[in-house]
Amino acid sequence: MLSVSGLRKTYGDVEAVRGVDFEVADGEVFGLVGPNGAGKTSTLKTLAGLLEPTAGDVVVNGYDSTDPEMRHTLGFLPEESPLYEDMTPRSYLRFFADLYGVDRETADERIAATLDRLALDARDRPVGDFSKGMKRKVAIARSLVNDPDVLVYDEPASGLDPTTTNVVVEYVGELAERGKTVVFSAHDLHHVESVCDRVAILSAGEIAAQGTLAEIREEHGRVEYRVFTDVALEGSEEVEPGRHRTTVESMAGMDALRERARAAGGDVVDVRTRESTLEDVFLAVTGSEP
């Protein structure tokens with residue numbers, strides 16, 4: 001479990017994080033998103049123990065984030081994760097297992113299981129020969145070599161091809177199913193929607209929205225009804241011959257549109273409901289692109 005209470009982080013006169021609060025339960029994937037400069041990276045690095053909070057508390061699996069022992073229970077994947085490119089994946093991951101005090105037999109079992117799941121077969125070639133996607137898989141395996149209870153993943157699928165991206169995102173969900181606590185950050189909000197149980201949207205160092213996707217949509221989103229008629233109406237758009245679309249935001253608006261269509265000698269032939277996506281809500285609460 002991970003708990004953040006009243007987190008503040010300042011750099012001189014600049015307050016990057018302003019009183020952030022959230023908790024992430026065991027077996028949960030928690031999305032942390034925000035535009036550039038929102039305080040997301042500072043928050044993630046503080047969770048990982050790389051930055052010390054200016055104020056507030058961060059507790060990771062029972063340890064304060066500033067306690068060196070905390071790092072034994074956490075796996076951190078930064079957005080940029082340089083590897084030792086002269087080493088092979090096997091030797092590289094064994095090296096980090098040794099740093100964590102994991103015995104060789106256990107380490108080799110974990111390494112093999114993780115690389116099998118991530119479909120990385122080239123285990124005895126230098127990492128420097130790998131594609132970006134292959135290197136990312138090695139970095140993910142490194143974050144798991146100590147079998148941590150809490151994972152903090154910053155852009156785990158950034159810049160990867162669609163196939164590798166799907167493998168990585170699906171694997172994050174599987175890790176949560178195994179009981180791990182996961183904080184997941186990504187600019188691609190489709191990935192966040194597909195894997196996260198709850199989401200916090202940061203803006204100017206503060207949480208602008210937080211909750212399940214359904215809760216966030218209900219509070220900050222809207223529902224649109226795309227009503228199709230077989231006659232043209234004022235404000236409608238012809239999408240194909242004899243089919244015209246008008247968008248309304250309420251059932252009352254849809255009923256009024258039906259009356260107008262019938263008065264014009266036609267009728268409603270189809271209605272499609274569109275709920276706000278996470279990106280719609282993101283734009284509404286931050287005014288910025290993700």
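This note goes through the predicted model point by point, from the domain division to individual strands and one surface patch.

1. Domain division. The protein is split into domain 1, residues 2–218, and domain 2, residues 222–276. Taken over C-alpha atoms, the centres of domain 1 and domain 2 are 45 Å apart.

2. Annotated region. An unreviewed UniProt entry places the feature "domain: ABC transporter" at residues 2–229. Over residues 2–229 the chain is 34% helix and 29% strand. The end C-alpha atoms of that stretch are separated by 52 Å.

3. Strand β9. Residues 198–203 form β9, which is mostly covered, with six of its six residues buried. Arg 198, Ala 200 and Leu 202 point one way from the strand, while Val 199, Ile 201 and Ser 203 point the other way. Both sets are buried, Arg 198 and Ser 203 included.

4. Partners of β9. Strand β3 (residues 29–33) pairs with β9 in the parallel sense over four bridges. Strand β10 (residues 206–211) pairs with β9 in the antiparallel sense, over five bridges. Val 199 can be followed in each pairing: Gly 31 stands opposite Val 199, and in β10 the bridge partner of Val 199 is Gly 211.

5. The β9–β10 turn. β9 and β10 form a hairpin with two residues between the strands.

6. Strands β11, β12 and β13. Strand β13 (residues 243–248) pairs with β11 (residues 223–229) in the antiparallel sense over five bridges. Within β13, Thr 246 is the residue opposite Val 227. Strand β12 (residues 237–240) also pairs with β13 in the antiparallel sense, here over three bridges. Arg 245 in β13 stands opposite Glu 237.

7. The β12–β13 turn. Two residues lie between β12 and β13 in their hairpin. Gly 242, in the turn, takes a positive phi of about 75 degrees.

8. Surface patch. Tyr 84, Phe 95 and Leu 99 make a nonpolar surface patch of about 300 Å². Tyr 84 belongs to the loop between β6 (74–77) and α2 (89–99). With a relative accessible area of 43%, Tyr 84 counts as partly exposed, because that class runs between the 20% limit for buried and the 50% limit for exposed.

Terms used: Residues numbered from 1 in each chain as written. Predicted model: local features only at pLDDT ≥ 70, side-chain atom pairs only at ≥ 80, totals over all residues. Heavy atoms only, no water. Patch = residues over 30% accessible without salt bridge, like charges linked within 9 Å, V, L, I, M, F, W, Y side chains within 5 Å. Areas by Shrake-Rupley, 256 points an atom, 1.4 Å probe, with all protein chains shown as cover. Salt bridge = Lys/Arg side-chain N within 4 Å of Asp/Glu carboxyl O. Buried < 20%, exposed > 50% of the residue type's maximum accessible area, 1.4 Å probe, protein only. Domains from an automatic or database assignment. UniProt positions renumbered as here; feature names shortened; annotations may be inferred. Pairing = 2+ DSSP bridges.
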